[in-house]
Amino acid sequence: MVEDIVRALGYGTLGSRLKRLGEKLQAQTQEISALTQQTNLPASHHPVLAALDRNGPLSIGSLADAVGLSQPGVTRMVNKLKSDGLVEALPDPRDRRVARIALSENGQALVRHLQQTLWPEIIVAVADACSGLDGNLLQQLGQLEDALEACPLSSRRAAEPLPAWKDITSNMETTR
């Protein structure tokens with residue numbers, strides 16, 4: 001077996017390790033989404049939908065700030081969401097040169113559906129994978145990687161009814 005060099009180099013490759021872990025989480029989220037939502041919308045687009053739901057219409061720059069991604073990346077996502085009929089560009093009432101991105105009716109319906117189904121399920125599954133992590137950051141990352149390898153998110157789906165989205169998000173607000 002070949003050595004996992006990204007893990008072995010520790011803090012020297014932390015960015016690569018976090019990216020790898022993020023990609024694994026998104027891929028496993030995508031699997032659950034495909035199973036439960038029958039949609040091929042990339043999991044990476046869900047934060048954009050959530051930001052628009054929470055904040056209302058936003059410029060591309062503000063949307064990029066809200067999700068912590070580059071403007072070109074957010075523009076690509078928005079173009080996909082537009083082509084899927086989930087968002088629309090509205091002229092800014094203060095500056096007609098600026099477009100504000102808003103959820104369409106279909107986008108609002110999808111967000112409500114995701115809030116009731118997929119998003120709570122992902123939160124519960126990831127929280128389960130993270131439960132019991134101990135040690136310094138590198139040790140915790142290793143434990144999380146091992147946990148996701150041994151039991152992916154799709155195997156951590158809740159057997160009982162999930163709490164409502166608003167209950168989950170309000171609880172997250174109080175723990176920050």
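Predicted model: local features only at pLDDT ≥ 70, side-chain atom pairs only at ≥ 80, totals over all residues.
Figure 1. When neighbours within four places in sequence are left aside, the residues in contact with leucine 90 are Pro57, Val98, Ala99, Arg100 and Ala102. For proline 57, which is 33 residues away from leucine 90 along the chain, the separation of the two C-alpha atoms is 8.1 Å.

**Figure 2. The salt bridge between arginine 100 and aspartate 92**. Arginine 100, which is also listed among the contacts of leucine 90, pairs with aspartate 92 in a salt bridge whose closest N and O atoms are 3.8 Å apart. Arginine 100 is partly exposed at a relative accessible area of 22%, whereas aspartate 92 has a value of 7% and is buried.

**Figure 3. Helix α6, residues 105-116**. The twelve residues of helix α6 extend 17 Å from the first C-alpha to the last, which is close to the 16 Å expected at 1.5 Å a residue. Buried positions in α6 are Gly107, Leu110, Val111, Leu114 and Gln115; they cover an arc of only 135° around the axis, and therefore lie on the same side of the helix. On the other side of α6, the residues Glu105, Asn106 and Gln116 are exposed.

**Figure 4. Arginine 112 in helix α6**. Arginine 112 has a relative accessible area of 45% and is thus classed as partly exposed. Aspartate 53 is 59 residues from arginine 112 in sequence, and in space the two are 9.2 Å apart, C-alpha to C-alpha.

**Figure 5. The salt bridge between arginine 7 and aspartate 146**. A search of the whole structure finds ten salt bridges, and in the one that joins arginine 7 to aspartate 146 the closest N and O atoms are 2.9 Å apart. Because arginine 7 lies in helix α1 (residues 5-8) and aspartate 146 in helix α8 (residues 137-150), the pair ties together parts that are 139 residues apart in sequence. Arginine 7 is partly exposed, with a relative accessible area of 30%, and aspartate 146 is partly exposed as well, with a value of 42%.

**Figure 6. The salt bridge between aspartate 84 and lysine 80**. The closest N and O atoms of aspartate 84 and lysine 80 are 2.7 Å apart in this salt bridge. Aspartate 84 is partly exposed at a relative accessible area of 35%, and lysine 80, at 26%, also counts as partly exposed.

Definitions and conventions. Residues numbered from 1 in each chain as written. Heavy atoms only, no water. Contact = heavy atoms within 4.5 Å. Helix = DSSP H or I, 4+ residues; strand = E, 2+ residues; numbered from the N terminus. Expected span 1.5 Å × (residues − 1). Buried < 20%, exposed > 50% of the residue type's maximum accessible area, 1.4 Å probe, protein only. Arc of directions from axis to C-beta. Salt bridge = Lys/Arg side-chain N within 4 Å of Asp/Glu carboxyl O.
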